[in-house]
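Thank you all for coming. I would like to walk you through one protein model, slowly, for those who have not seen it before.

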Amino acid sequence: MSSVIRLAEAQPVKARPFLKWAGGKSKLVETILTRFPHNFGTYFEPFLGGGAVFFGLTPERAVLADMNLELVTAYTALRDELPRVLAALRRHRAEREHFYAVRAQDASGMSTTARAARMIFLNRTCYNGLYRVNRSGAFNVPFGKYDNPTICDEENLRAVSHVLQDAVIEHSDVFSTVKRARAGDLVYFDPPYDPASKTASFVSYTDRGFTSDDQERLALTFRDLAERGVHAVLSNSDTPFIRKLYKGFRVDTVHVRRAINSRADRRGPVAEVLVSTT
């Protein structure tokens with residue numbers, strides 16, 4: 001039985017990303033969905049991040065994965081322990097001293113729900129909603145100056161929990177995740193982007209990063225999936241390197257406004273590519 005794209009509007013409340021995420025796809029969801037087949041088996045998203053495409057698609061069967069353990073913990077806790085996550089979130093407050101005290105905590109010793117609430121709280125109150133870690137894997141983004149940030153959006157978190165109920169959520173790397181994809185399945189890749197310039201690189205969402213060798217290996221994986229009859233779509237920056245890696249596939253240019261640059265005068269529409277097997 002094939003999955004059929006069911007837009008999130010079918011839910012009483014439309015689930016949307018509960019985290020701010022660098023490179024998030026909220027502004028491109030509708031364009032990305034046009035590259036997906038109408039019918040498919042299992043949906044795989046191995047670079048989950050903010051999950052905008054998953055929430056826009058709401059497939060019947062999904063395997064969601066990421067190498068960021070804090071991120072995966074948050075998704076898993078919202079799926080399995082929503083009331084406890086909500087209770088933990090309500091105890092947080094958008095105050096500078098509280099923020100830095102929470103940021104300094106060792107998350108590894110926390111319960112799943114406390115760890116998830118910490119992740120959501122830091123993300124909603126840190127500077128620019130950026131998630132960045134140092135070489136030790138510690139979150140190091142400063143406090144953001146917001147007038148009244150929404151820390152616990154209960155209505156949306158309940159909707160998120162609802163659409164995650166049947167999803168498999170894993171802490172695993174992209175290559176391990178997509179090995180299980182079979183002919184007729186669908187994979188959407190949203191890896192850390194190839195730097196468009198020497199100063200544009202941002203891959204520190206884990207302590208490992210994502211290198212040019214990883215990009216090359218990912219392109220080989222993309223070709224292998226295509227040869228096995230798996231539908232695949234990939235987002236990346238529009239650079240000569242990426243275009244060379246995916247030569248022979250459909251490559252479309254899209255423009256999206258990004259606000260990750262610290263200088264407001266350098267924020268604006270940037271060129272990205274959508275690569276697809278069909």
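Let me begin with a term: when I say contact, I mean heavy atoms within 4.5 Å. This is a predicted model, in which local features need a pLDDT of at least 70 and side-chain atom pairs count only at pLDDT 80 or more, while totals for chains, interfaces and linings use all residues. Residues are numbered from 1 along each chain as its sequence is written, and side-chain values use heavy atoms, with hydrogens and water left out.

Now the overall picture. The protein chain has 10 helices and 9 strands, where helices (H or I, at least four residues) and strands (E, at least two) are DSSP runs numbered from the N terminus. Of its 278 residues, 51% count as buried, and buried here means under 20% relative accessible area, with exposed being over 50% and partly exposed in between, for a 1.4 Å probe and protein chains only. Among contacts in the protein chain with a separation of 6 or more, 72% are between residues 24 or more positions apart.

Next, a pair of helices. The axes of H4, residues 82-90, and H7, residues 154-164, come within 11 Å and cross at roughly 155°; axes are lines fitted to C-alpha atoms, for helices over the stretch in contact, and angles run from 0 to 180 degrees between N-to-C directions. That makes H4 roughly antiparallel to H7, since angles over 145 degrees count as roughly antiparallel, under 35 as roughly parallel, 65 to 115 as roughly perpendicular and the rest as oblique. Where they meet, Leu82, Leu86, Leu89 and Arg90 belong to H4, and Glu154, Leu157, Arg158 and Ser161 belong to H7.

Finally, the cysteines. With a disulfide taken as a pair of cysteine sulfur atoms within 2.5 Å, the count comes to 0 disulfides. Cysteine 126 counts as buried, at 0% relative accessibility, whereas cysteine 152 is partly exposed, with a relative accessible area of 23%.
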